[in-house]
Amino acid sequence: MSHYDPQQLDNFASNLLERAENALIVGHSNTTPQLIEMLGGEAPDMTESDYADIYLLSFSDSGITSLRLVIP
């Protein structure tokens, strides 16, 4: 487990892409959508009341697919 600096999201995204490993990332509404987009996925803006959204990013030779799961 490691922590990331939300002020250095670009470095964190680059590191994740270089490692090319499965990862669970937990973040806040002010960082999660930006990080997902830096990784090549799509994510709408979130509010502080979005607590149950899970994003799955799948990487393949044909590109990156993002899936948003909303748990009621």
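The questions and answers below concern the terms used for this structure.

Author: This is a predicted model, in which local features need pLDDT of at least 70 and side-chain atom pairs count only at pLDDT 80 or more, while totals for chains, interfaces and linings use all residues. Residues are numbered from 1 along each chain as its sequence is written, and side-chain values use heavy atoms, with hydrogens and water left out.

Reader: What makes up the pattern of the protein chain?

Author: Along the sequence the pattern reads α-α-β-β, from two helices and two strands. Helices (H or I, at least four residues) and strands (E, at least two) are DSSP runs, numbered from the N terminus.

Reader: How do you know whether the radius of gyration of the protein chain agrees with that of a compact globule?

Author: The radius is taken over C-alpha atoms, and the globule rule is 2.2 Å times the number of residues to the power 0.38. For 72 residues a compact globule would have a value near 11 Å; the protein chain has 12 Å, which agrees. Its C-alpha atoms fill a box of roughly 30 × 30 × 20 Å along the principal axes.

Reader: Why is Asp53 called buried?

Author: Buried means under 20% relative accessible area, exposed over 50%, and partly exposed in between (1.4 Å probe, protein chains only). Asp53 has 17% relative accessibility, so the residue counts as buried. In the protein chain, 22% of the 72 residues are buried.

Reader: Which side chain forms a polar contact with that of Asp53?

Author: The side chain of Arg68 does, at 2.9 Å. A polar contact is a pair of N or O atoms within 3.5 Å; within protein, one must be able to donate a hydrogen and the other to accept it, and residues adjacent in sequence count only if both atoms are side-chain atoms. Contact in general means heavy atoms within 4.5 Å; beyond its neighbours within four places in sequence, Asp53 touches Met46, Arg68, Leu69 and Val70.

Reader: What makes β1 and β2 a pair?

Author: Two strands pair if DSSP finds at least two bridges between them. Eight bridges join β1 to β2 (residues 63-70), and the strands run antiparallel. Asp53 belongs to β1 (residues 53-60). One of the bridges links Ile54 with Leu69 of β2, and a hairpin connects β1 to β2 through two residues.

Reader: How do you know whether Glu48 and Thr31 are buried or exposed?

Author: At 66% relative accessibility, Glu48 counts as exposed; at 7%, Thr31 counts as buried. Glu48 is in the loop between α2 (32-38) and β1, whereas Thr31 is in the loop between α1 (9-19) and α2. Leaving aside neighbours within four places in sequence, Thr31 is in contact with Tyr4, Pro6 and Leu9. Glu48 lies 5.8 Å from Ser29, C-alpha to C-alpha, although 19 residues separate them in sequence.

Reader: Why is the aromatic pair called stacked?

Author: Rings of Phe, Tyr and Trp (its six-membered ring) pair if their centres lie within 6.5 Å; planes under 30 degrees apart count as stacked, over 60 as edge-to-face and the rest as tilted. The structure holds one aromatic pair. The ring centres of Tyr4 and Phe12 are 4.4 Å apart and their planes are at 10 degrees, so the pair is stacked. Tyr4, at 22% relative accessibility, counts as partly exposed, while Phe12, at 15%, is buried.
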